[in-house]
Amino acid sequence: MSWFAKYFPNAVTMKSDFIQATGETLYMTLITAVVAGILGMIIGVGLIVTQPGGILENRVIYNIFDKIVNLCRSIPFVILLAVIAPLTRVIVGTAIGTTAAIVPLVIGSAPFYARQIQNALAEVDHGVIEAAESVGSGPMGIIFRVYLKEGLADIIRSSVLTLISLIDLTAMAGAIGGGGLGNLAINVGYSRFETDVTVLAMLIILVIVFAIQLVGDLLARRVDHTA
Amino acid sequence: MTNEAIIELKNIDVTFHNKGQTVNAVKDVSLTVNRGDIYGVVGYSGAGKSTLVRVINRLQPPTAGTVVVNGQDILHLTPRKLRAARTKIGMIFQHFNLMDSRTIADNVGYPLRFRLSKKNRQEKVAHLLELVGLSEKANDYPAQLSGGQKQRVAIARALANDPEILISDEATSALDPKTTSSILELLKRLNRELGLTVVLITHEMEAVKEICNKVAVMESGEIIERGDLVSIFSRPQKPLTRDFINTATQINQALEKIYKQASALNLNDHQQLVQLQYVGASTDAPLITELYKRYDVVSNILYGNVEILQDTPLGNLIVVMSGEPDKLQDAWQYCQDAGIKITHLKPTDSEVA
């Protein structure tokens with residue numbers, strides 16, 4: 001490990017900090033992915049089925065979902081972190097710390113995921129929906145057995161994209177004491193001029209991102225039978 | 001082919017509003033299909049035929065009118081009852097509409113989930129695939145199949161619920177002629193063996209000619225002519241119907257060629273270009289010989305075509321008749337008395353009867 005000590009003189013002494021920061025990043029990513037995943041999926045499916053011409057067309061619900069998604073996506077994440085602090089306090093009891101960061105992360109990524117899901121499901125051929133209707137499928141059957149099944153490969157690809165942008169967002173969590181690799185890179189590496197710490201934090205994030213991309217691509221290819 | 005109505009559409013109107021524009025896709029159309037019919041609905045695209053048949057299973061709710069299928073008023077059913085009613089109305093589409101993410105067996109078994117146990121479902125799917133001749137493709141995905149095979153899968157899926165009616169919405173329009181024939185043959189077999197009532201929408205009169213017993217012609221949202229196949233083919237009333245039929249019998253193409261060579265024919269006073277049309281028994285008489293024997297009229301056949309529609313022969317001949325003018329008159333009278341329709345053609349006419 002001598003080459004490591006040579007190129008990363010500061011980082012090599014901070015093993016436990018890196019382990020903790022990586023843990024925090026993965027923790028924030030994972031919990032947010034589950035919560036925002038469920039929320040985004042519900043909103044995305046809601047948008048698809050209530051849109052004009054959808055199987056449960058409903059202008060009011062569609063417009064409410066649509067406006068919420070647009071509004072949340074318009075707020076810069078760093079500002080969102082601060083703005084929703086009171087809400088965060090109500091939900092998790094505190095406005096600072098890793099768990100507290102999850103609330104703005106969910107609000108920041110769920111609308112993004114909802115749009116991705118909407119786009120993925122919009123690719124499902126309307127004729128296939130019609131065929132399912134013609135054999136007597138109801139709205140639930142069409143959502144679960146046609147939309148989510150036929151759109152699965154695209155859903156996986158969208159999920160990968162959302163996960164990667166989520167990791168991007170967790171890097172900002174340091175602003176409210178959320179910790180994580182981003183925090184380590186900026187508040188330690190950058191502030192103390194310990195460039196090797198910044199670079200190592202970045203490399204770890206890259207590894208995580210590549211791993212997600214790889215697994216996602218493999219899964220998407222496995223469920224995709226279009227060609 | 002009983003006279004029991006299975007589909008009754010009455011005074012159907014379908015109006016679309018799009019960006020301030022109103023489109024009357026279907027205008028006051030009534031249509032009755034009897035059990036066991038293969039009913040063809042022909043028309044050019046945009047005539048409203050797809051919209052009309054989508055009203056049958058309420059994929060397209062009509063603006064006005066009543067729809068009764070199998071004695072059930074389709075327009076006043078609860079969503080649950082409508083879904084149950086739809087299981088008895090199978091439908092196939094121009095672009096097959098199979099699910100790419102499911103195997104052939106899963107596509108066919110899709111309607112049966114929650115209705116049959118796994119074992120019964122597998123048996124039923126195997127039986128359906130055998131019926132359409134695709135047993136060995138059960139575990140393939142749609143992307144691996146040809147167009148004709150995909151349509152067979154779609155037919156098997158449409159039959160999974162044991163429907164009494166099958167709606168075919170331009171189902172052969174994306175297929176080559178040979179595959180089209182085999183799909184039509186399959187539909188005819190299902191009609192015969194399962195007593196399936198078929199409503200066939202198409203823009204190709206050839207398809208209608210091959211399997212339908214009744215036909216309706218649609219133009220700009222209205223049915224302009226309808227009847228049983230043989231009478232529509234032998235006595236079309238409307239120009240559009242004639243146009244469809246002439247295309248199907250290829251007589252248009254034949255005439256075009258004949259007219260191009262008309263000058264080469266050098267017709268004089270003693271010669272006439274005529275089209276002879278005959279239906280059924282009158283085809284049996286040796287007409288050409290008879291004309292020569294009785295009136296010294298020589299007929300030179302330029303084009304001939306016999307269609308067998310619903311076991312009734314329907315013939316078309318284009319001939320140049322040569323003889324003395326008064327003998328020619330007598331010959332034509334003889335033809336008319338024998339039930340043969342005569343049309344005198346002039347090479348300058350672009351229209352044919």
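**Domains of chain B**

I began with how chain B is divided. Domain 1 covers residues 5-236 and domain 2 covers residues 251-344. I note that this is a predicted model. I then looked up the spacing of the two parts. The C-alpha centres of domain 1 of chain B and domain 2 of chain B are 40 Å apart.

Next I checked where the two domains of chain B touch. Six residues of domain 1 of chain B and six residues of domain 2 of chain B take part in the contact. Which helix gives the largest share of the domain 1 side? I found helix α8 of chain B, residues 229-234, with four residues. I also sorted that side of domain 1 of chain B by class. I got three nonpolar residues, two polar and one charged.

**Chain B as a whole**

I looked up the secondary structure of chain B. I found 13 helices and 14 strands. For the extent, I read off the C-alpha trace of chain B along its principal axes. The spans are about 80 × 50 × 40 Å.

How many of the residues in chain B are buried? Chain B has 353 residues, and 39% of them are buried. I turned to its contacts with a separation of 6 or more. Residues 24 or more positions apart make 70% of these in chain B.

**Where chain B meets chain A**

I moved on to the other chain. On chain B, 21 residues are in contact, and on chain A, 18 residues. Which elements of chain B give two or more residues to this side? They are α2 (79-86) and β6 (89-93) of chain B. α2(B) gives the most, four residues.

**Nonpolar cores**

I kept a general point in mind here. In soluble globular proteins, nonpolar side chains tend to be buried together.

The largest nonpolar core has 130 residues. I asked which members touch the most other members. They are V41(B), I56(B), V108(B), A156(B), V199(B) and L200(B). The largest share of this core comes from chain A, where helix α6 (residues 98-122) gives 14 residues.

Last, I noted another core, apart from the largest one. This other core has 16 residues, including Y278(B), L291(B), I318(B) and V319(B).

Notes:
Residues numbered from 1 in each chain as written. Chains lettered and ligands numbered in written order. Domains from an automatic or database assignment. Contact = placed C-beta atoms within 7 Å. Nonpolar A, V, L, I, M, F, W, Y, C, P; charged D, E, K, R; others polar. Buried ≥ 20, exposed ≤ 12 C-beta atoms within 10 Å, placed from the backbone. Core = buried A, V, L, I, M, F, W, Y, C linked by C-beta atoms within 7 Å.
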